[in-house]
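Please keep the sequence and the structure in view while you work through each solution.

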Amino acid sequence: AIKNISEGFVIFDSDGRLVICNDRYKDFYKYSDEDCAPGVLSIDLGKLDLERKTVIYDGKVEDYILRRDDTYELKDILTIYLADGRILETRDRKTATGGVVSFQQDVTERVQARQALQQAHDKLESRVEERTRELSREVLDRKRAEENAKVASHAKSDLLANMSHELRTPLNAIIGFSGTIKEETFGTLDNEKYREYINDIHQSGEHLLELIDDILDVSAIEADAIKLQDETVSLSAIVDTSVRLIRPRAEDGHVTISQSIDSEIPMIIVDQRRMKQILLN
């Protein structure tokens with residue numbers, strides 16, 4: 001039974017002399033039959049391990065050699081690293097007669113698997129930490145970009161507001177004065193070219209004012225600050241006005257505009273100016 005068990009097995013008597021061991025035990029430590037002859041001292045075998053360097057032991061020499069001596073407390077498990085790369089777990093137990101029975105189990109695969117698992121775990125943790133840092137940087141960059149975008153948006157809104165104010169003031173004067181001249185409030189225009197020019201000036205001014213209003217509308221929409229002025233109006237009236245405004249351009253492009261609205265359609269509640277913008281667009 002002792003010969004055929006898979007673990008290394010050895011018994012020492014109360015004087016520390018070898019009683020019996022199996023071939024597995026000899027194979028682990030590269031012992032010959034003479035090395036493990038009955039009666040050899042455990043201390044001598046320990047010295048032999050270190051002299052031949054079959055065992056890699058980083059601790060004190062005395063701790064290894066005298067580990068089964070009466071003066072030393074037996075360790076539950078002692079891990080021993082062999083020179084050939086194998087790893088042993090040694091369990092020493094006291095017998096009823098004061099001797100020591102010792103089991104050596106090859107745990108190389110288990111330790112390597114545990115080490116590989118730990119390495120994989122460490123690698124995964126490292127990747128998680130690295131990815132976390134990357135995400136933190138991305139969030140910070142995105143936050144900075146958003147803040148910069150807000151600053152730029154506010155700057156744009158301020159610029160548009162200031163520009164519209166600065167443009168609308170002289171533009172209103174142009175539209176007002178050109179309208180007065182167009183209506184010949186203070187006297188007639190004798191030259192037909194003057195009438196043509198003043199009409200162009202007045203229409204261009206109104207067109208430019210509409211463009212400024214559109215720009216301000218876009219800015220207000222982006223800032224989520226646009227307000228609708230709802231009122232009850234006739235859809236037919238809005239369509240008529242829109243078609244009338246766009247018809248000259250349609251005629252220039254040889255496009256025919258037709259409209260058909262059911263007379264039964266009731267009054268609607270909308271922002272008339274926005275509705276007209278929709279239809280014109």
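**Exercise 1.** Which residue in E4 is the bridge partner of Val55?

Solution. This is a predicted model, in which local features need pLDDT of at least 70 and side-chain atom pairs count only at pLDDT 80 or more, while totals for chains, interfaces and linings use all residues. Residues are numbered from 1 along each chain as its sequence is written, and side-chain values use heavy atoms, with hydrogens and water left out. Strands here are DSSP runs (E, at least two residues), numbered from the N terminus. The bridge partner of Val55 in E4 is Leu82, and E3 and E4 pair in the antiparallel sense over 2 bridges; two strands pair if DSSP finds at least two bridges between them.

**Exercise 2.** Describe the pairing on both sides of E5.

Solution. Begin with strand E4 (residues 78-82), which pairs with strand E5 (residues 87-94) in the antiparallel sense over 4 bridges, with Tyr81 standing opposite Ile87 in E5. Their hairpin has 4 residues between the strands, and there Gly85 takes a positive phi near 100°. Turn next to strand E6 (residues 100-106), which runs antiparallel to E5 and is joined to it by 7 bridges; Leu88 stands opposite Asp106 in E6. The hairpin of E5 and E6 has 5 residues between the strands, and Gly98 takes a positive phi near 95°.

**Exercise 3.** In what order do the 6 strands form the open sheet?

Solution. The order is E2-E1-E6-E5-E4-E3, with antiparallel pairing. At the edges are strand E2 (18-21) and strand E3 (55-56), each of which pairs on one side only.
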